[in-house]
Amino acid sequence: MEKFKITDLDLYYGTFKALIKVNLTIEANQITAFIGPSGCGKSTLLKSLNRMNDLIEGCRIDGNVLLDGEDIYGNIDVNLLRKRVGMVFQKPNPFPMSIYDNVAYGPRTHGIHSKIKLDEIVETSLRNAAIWDELKDRLKKSALGISGGQQQRLCIARALAVQPEVLLMDEPTSALDPISTSKIEDLISELKERYTIIIVTHNMQQAVRISDKTAFFLLGQVIEYDTTENIFSNPRQKETEDYITGRFG
Amino acid sequence: MLKKKEQFMRLIFLFSACTSIIAVFLICIFLFANGIPAMSKIGVFNFLLGKNWKPSNALFGILPMILGSIYVTAGAILIGVPIGVLTAMYLSLFCPKKLYRLIKPAIELLAGIPSVVYGFFGLVVLVPFIRNYIGGNGSVMLTASILLGMMILPTIINVSESAIRAVPSNYYEGGRALGASHERSAFFVILPAAKSGVFASIVLGVGRAIGETMAVIMVAGNQARMPKGLLKGVRTLTANIVIEMGYAADLHREALIATAVVLFIFILIINLSFSLLNRKSI
Ligand SMILES: Nc1ncnc2c1ncn2[C@@H]1O[C@H](COP(=O)(O)OP(=O)(O)OP(=O)(O)O)[C@@H](O)[C@H]1O
Ligand SMILES: [Mg+2]
């Protein structure tokens, strides 16, 4: 089943064209990886899927992005869109409040105030983010006092707490050590049963390890989009091959 | 040659840095040398907790003035903090650029107005207003609190605004990415993240309010008796000193200096809590 259908998407930052005629179909319950050199538009495309680019002054788009057949740039509630399409940032950004309040922030925003219900959501979300055991005894402590890897998993839990359908992850492990990274990779693989996941990564091995499909970007264009296996074992475009073999640039 | 010049400049810097330290040090010596003996002559207990200030009868209790200062300041905080913090929120997160260019200079101007001018405004506008529409003779605690509330606005707004602006944008983005509206992210993510800076602004406001003299004297009534209510006159510590300094002699004069010592300790505590707050925010 297709989750996102992106057709002829152009995106401008002022006069600069950051995405050029992007066409992509993202499958539900799969992990899709975006790879490509720095500045090629991976984050830009990711942000246009939950309209975080609305926050950037002078950002304008042409083309279509359909989520379950519905145009997300049409007449929709952006806050509900972002509830359905969650996001995890490159740099862990837990709010400067308690661990509990971090996870409960989203549900509270969307109108859940019952303590019993919140307790339940906080526990399930932390469990799903594989961090419950590490944090259960200090839920009332500040979220800034835990390690970077734990913070990132807390941010994943926070995103899961609003029960999204899609998770967008922009280089979620680039600021982390190898052990935290492998924990988060395991976590992502588990989450794919219930969520559609799109991940931006600079780490080829990571893309190979966890993703089902991979899109290779260059200068604002999608050069090649295929199963991860095909992209890495027999790419059809020369640019893709140069990039994955490290001959790029 | 260059080295000599460098050394010379270094000396000048050192000297400049020392001036302020020396100034504080001299003030301390002056205050304590004159104030402490008076306190012991009057009796620390009688001085700090005495309810009567009647220099002609050799009664030197400054409790009325201590309470007066605290009440007036608390009133100013009650009025100034909500308005100030909300203004800071508006300026940093909601205000259109064009309007900002109008409001910001107005606030800077507010900060630069001499306190005697505030005092005149209070005397000519606030005092009659309170007398005619609320009660009392107008020169009352409420008037002083309102006026001081206005005077601490620039401090609270400016310090809070920079605290709010200093909150990393990734908190805000995190809030928005969870589907929170701009308003909700502003009040439930950014404001809590800026809270130590906002508290610091309040502490600075308290410092300004408690030390303010001229404007308060002009509107507070200045009766040296225990504060009796919002619509009765009060005298603050600062007012006590200024009003009687001109003609006081001997123990009376020393008692006024001892009053300044109390004020000084108040300010010391406020500054200490300010730097504690600042340390916490790092
Ligand atoms: N807010 C912005 N305003 C103007 N130009 C921007 C903005 N954000 C990104 N760009 C430009 O758009 C292009 C794509 O940026 P983007 O952040 O999507 O790249 P990326 O592929 O995510 O790179 P990286 O791997 O370094 O994160 C770059 O040329 C960048 O300079
Ligand atoms: Mg990026």
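The side chains of Glu254(B) and Lys41(B) form a salt bridge at 3.3 Å, N to O. The term stands for a side-chain nitrogen of Lys or Arg within 4 Å of a carboxyl oxygen of Asp or Glu.

This is a predicted model, where local features need pLDDT of at least 70, side-chain atom pairs count only at pLDDT 80 or more, and totals for chains, interfaces and linings use all residues. Residues are numbered from 1 along each chain as its sequence is written, chains are lettered from A in the order in which they are written, and side-chain values use heavy atoms, without hydrogens and water.

**Between the domains of chain B**

Chain B splits into domain 1 (2-49) and domain 2 (63-281). The bounds come from an automatic or database domain assignment. The C-alpha centres of these two domains of chain B lie 27 Å apart. Domain 1 of chain B brings 14 residues to the contact and domain 2 of chain B brings 12 residues; contact means heavy atoms within 4.5 Å.

Which residues of domain 1 of chain B lose the most area to domain 2 of chain B? They are Leu31(B), Phe47(B) and Leu48(B), together 35% of what that side buries.

Across this interface of domain 1 and domain 2 of chain B, the rule finds 1 salt bridge. On the domain 1 side, helix H1 (2-42) and helix H2 (44-49) of chain B each give two or more residues. Helices are DSSP runs (H or I, at least four residues), numbered from the N terminus. H1(B) supplies the largest share, 11 residues. By class, that side of domain 1 of chain B has 11 nonpolar, 2 polar and 1 charged residues.

**Between chain B and chain A**

Here the contact takes 18 residues from chain B and 24 residues from chain A. Helix H7 (169-177) and helix H8 (182-193) of chain B each give two or more residues to the side that touches chain A. The largest share of that side, 8 residues, comes from H7(B). By class, the side of chain B has 8 nonpolar, 6 polar and 4 charged residues.

**Buried area**

Buried area is the accessible area (1.4 Å probe) that two parts lose on being put together, summed over both.

| Interface | Buried area | Share from carbon and sulfur atoms |
|---|---|---|
| Domain 1 of chain B and domain 2 of chain B | about 1,200 Å² | 82% |
| Chain B and chain A | about 1,700 Å² | 60% |

Methods:
Ala, Val, Leu, Ile, Met, Phe, Trp, Tyr, Cys and Pro count as nonpolar, Asp, Glu, Lys and Arg as charged, and the others, Gly among them, as polar.
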